[in-house]
Amino acid sequence: MQLKRKYVNKPGISEVVSKADGLQSLQLSMLQLAPGETYHGRFEDQETAFVILSGTCTVVGGSQVFSNIGGRREVFDGPGYTVYLPAGCEFDVTAHTWMEAALGSTPSQPGGHPLLIQPGDVQRSSRGVLNWRRNIWDVMPPEFPSQHMVVVEVITPPGNWSSVPPHRHEEDRLPVEVHQEEIYFYRLKPVQGFAMQRIYTDDGTLDEAVVAQHNDAILVPRGYHPVAVAPGYTCYYLNFLSGNLKATAPRDDPQHAWLKSFEVIAREWGHSLPGYEKKE
């Protein structure tokens, strides 16, 4: 299975990850519109997270009108606006400025209503310590009223690691783990930067290191999947996750799970650890 898909930057709608790419439950499209342009769409049997990456637009979904939403110049500015579209919902997007959005979709039953997630609704946190600290924006956490879709945005500083300790979510056995496929969509600043993502399983049947560059989509069908960012470059990735169960239950790689315990110590005694400043 090819784990990387390249998004070619172009106007209109672009399918980046399709059903033919090997994931059972996730697809990804990108939409670019110039000021005044309108796009009409419908995902008959899929719920969709319409994540505005940059620009301003109005989204009409069913009887709901979300006017003049967006406003980010780029994804590194902070959490943006997202519109949740239930399966079977027709929608129109009209751009007020040049705008770009990512549309993550997963099979779902009809039902529910379009919902708007504003920047103030997004749960923000900092995870990890030292050179594996990163900022997490939970756009559509498990408690959000979607059927299967979970959406997260992550900013990782230059030279840092992310998705650490390495974790997987490939089996439904709560409370230890849930099965969720995942897509990582990358942006780098400056754009010539890169990250490395290793995707591997306990039995070694999958073990690949993938170079993630600006506008790359990395597919995670199973396995652990840590990320390392090149020095000098800030990394953004947008995660879409979907499975039968909606929960946050990653299983850490037992070889590296000790990092969680070290994080507790580092936060408590951070003033004495080189490279980590304790926050009062």
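Strands here are DSSP runs of type E at least two residues in length, numbered from the N terminus. In this predicted model, Ser-163 sits in the loop between two of them, S15 and S16. The phi of Ser-163 is near 50 degrees, which is a positive value in a residue that isn't glycine.

Pro-165 lies in the loop between strand S15 (161-162) and strand S16 (167-168), and the peptide bond leading from Val-164 to Pro-165 is cis, with omega near -5 degrees. Most peptide bonds are trans. A cis bond also turns up between Lys-189 and Pro-190, again with omega near -5 degrees. Pro-190 belongs to the loop between S17 and strand S18 (194-200).

Asn-68 is another non-glycine residue with a positive phi, this one about 50 degrees. Asn-68 is part of strand S7, which covers residues 64-70. Is Asn-68 buried or exposed? It counts as exposed, because its relative accessible area is 54% and the cut-off is over 50%.

Zooming out, the chain is built with 1 helix and 23 strands. Its C-alpha atoms fill a box of roughly 55 × 35 × 35 Å along the principal axes. For 280 residues, a compact globule would have a radius of gyration near 19 Å, and the chain agrees because it has 19 Å. Some 55% of the 280 residues count as buried. Looking at contacts between residues at least 6 apart in sequence, 73% link residues at least 24 apart. The accessible surface comes to about 12,400 Å², and carbon and sulfur atoms account for 52% of that.

Glu-100 gives a close-up of such a buried spot. This residue lies in strand S10 (residues 99-107) and is buried, with a relative accessible area of 4%. Leaving aside residues up to four places away in sequence, Glu-100 touches several partners, including Tyr-7, Asn-9, Gln-32, Ser-54 and Arg-187.

Finally, there's the largest pocket, with about 560 Å³ of space. Of its 29 lining residues, Arg-127, Val-152, His-167, Thr-248 and Pro-250 are closest to the centre. Elements giving two or more residues to the lining include strand S12 (123-127), strand S17 (181-189) and helix H1 (258-268). By type, the lining splits into 14 nonpolar, 8 polar and 7 charged residues.

Definitions and conventions. Residues numbered from 1 in each chain as written. Predicted model: local features only at pLDDT ≥ 70, side-chain atom pairs only at ≥ 80, totals over all residues. Heavy atoms only, no water. 1 Å grid on protein atoms, 1.4 Å probe; cavity = no way out; pocket = protein on both sides within 12 Å on 5 of 7 lines; lining within 4 Å. Points joined across faces, edges and corners; volume = space filled by probe spheres on them. Nonpolar A, V, L, I, M, F, W, Y, C, P; charged D, E, K, R; others polar. Rg over C-alpha atoms; globule rule 2.2 N^0.38 Å. Buried < 20%, exposed > 50% of the residue type's maximum accessible area, 1.4 Å probe, protein only. Contact = heavy atoms within 4.5 Å. Areas by Shrake-Rupley, 256 points an atom, 1.4 Å probe, with all protein chains shown as cover.
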